Amino acid sequence: LTAITKEGIKFKDEDEDLVKRREKYYQKQFKPLTKWLNKLYGPNVMRVAISKRLGRAPAIVSSSEYGHSANMERIMRAQAFTHGANDAMMQAMRIVEINPRHPFVHKLLDACPKEDDDVVTDDTKDAAMMLYDMALMSGGFPIADNAGYSERMTRVLKTMLDVSDVNLADEVDPPEEEDEPEDVDTDDLDGLNMDDFDMDSLDLGEEDI
């Protein structure tokens with residue numbers, strides 16, 4: 001048995017020669033993107049690679065063939081004796097696998113810098129980091145930067161909802177109103193009928209009548 005979350009998984013149900021030629025072609029085609037993503041993600045990942053197993057997902061984070069999995073990382077972080085331990089020792093060797101057939105990846109390839117001095121827009125950086133966040137969750141890993149993730153999602157919501165400013169609205173100052181008796185909800189009394197009560201069983205004194 002082989003863990004599906006590890007890198008280098010081979011199903012051996014395709015033409016090996018065709019797989020190798022495709023892999024070589026994709027590596028050359030997406031070299032500018034993988035180079036830029038490696039630099040953007042920095043020490044958070046071991047490397048960015050072209051995936052040979054993704055279906056419809058744009059990307060996934062897998063662990064190295066001989067490293068521990070995302071579940072093992074969670075277990076190690078949860079152990080009491082790891083308090084104060086080196087975080088790098090607990091973190092799995094993460095590999096970002098991108099889907100060379102997905103439109104998200106093709107858009108990033110078009111927008112990524114082809115030369116070192118090319119300017120990259122903030123939207124492109126946000127998209128690349130959101131791709132990484134999605135890949136982490138798909139691979140079973142926690143979000144690496146919660147604050148950065150929240151800021152990126154705030155910018156996305158601003159665009160989707162057409163909000164130009166996220167400053168809070170002023171507090172309302174409603175006018176003072178005179179105290180009024182609470183309204184009695186009579187809707188629930190429509191079904192009451194005096195015939196529903198057993199008057200003979202009620203202990204009514206003369207003073208109650």
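Predicted model: local features only at pLDDT ≥ 70, side-chain atom pairs only at ≥ 80, totals over all residues.
Reader: In which order do the strands of the open sheet stand, and what is the pairing called as a whole?

Author: As a general idea, the strands of a sheet pair through backbone hydrogen bonds, in either a parallel or an antiparallel way. Here three strands form an open sheet in the order 1-3-2, and the pairing is mixed. Strand 1 (47-50) and strand 2 (59-63) each have a single partner strand, so they stand at the edges, and one side of each is left without a neighbour in the sheet. On average, neighbouring strands of this sheet are turned by 30° against each other, if direction is ignored.

Reader: In which sense do strand 2 and strand 3 pair, and over how many bridges?

Author: Strand 2 pairs with strand 3 (residues 94-98) in the antiparallel sense, over five bridges. Within this part of the sheet, Ala59 stands opposite Ile98 of strand 3.

Reader: Which helices should I look at beside these strands?

Author: Begin with helix 2 (residues 31-41), which packs on the sheet and touches strand 1 and strand 3, while its direction makes about 150° with that of strand 1. Then turn to helix 6 (residues 122-138), which lies across strand 2 and strand 3 and runs at about 55° to strand 2.

Reader: Which residues of strand 1 belong to its covered face, and which to its uncovered one?

Author: Val48 and Ile50 make up the covered face of strand 1, whereas Arg47 and Ala49 make up the uncovered one. Ala49 also stands opposite Glu97 in strand 3.

Reader: Is Glu97 buried or exposed?

Author: A residue is called buried under 20% relative accessible area, and because Glu97 has 6% relative accessibility, Glu97 counts as buried. The side chain of Glu97 makes a polar contact of 3.0 Å with the side chain of Ser51, and another polar contact, of 2.8 Å, joins the side chains of Glu97 and Ser62.

Terms used:
Residues numbered from 1 in each chain as written. Heavy atoms only, no water. Pairing = 2+ DSSP bridges. Helix = DSSP H or I, 4+ residues; strand = E, 2+ residues; numbered from the N terminus. Axes fitted to C-alpha atoms, helices over the stretch in contact; angles between N-to-C directions. Contact = heavy atoms within 4.5 Å. Buried < 20%, exposed > 50% of the residue type's maximum accessible area, 1.4 Å probe, protein only. Polar contact = N/O pair within 3.5 Å; in protein donor to acceptor, adjacent residues only side chain to side chain.
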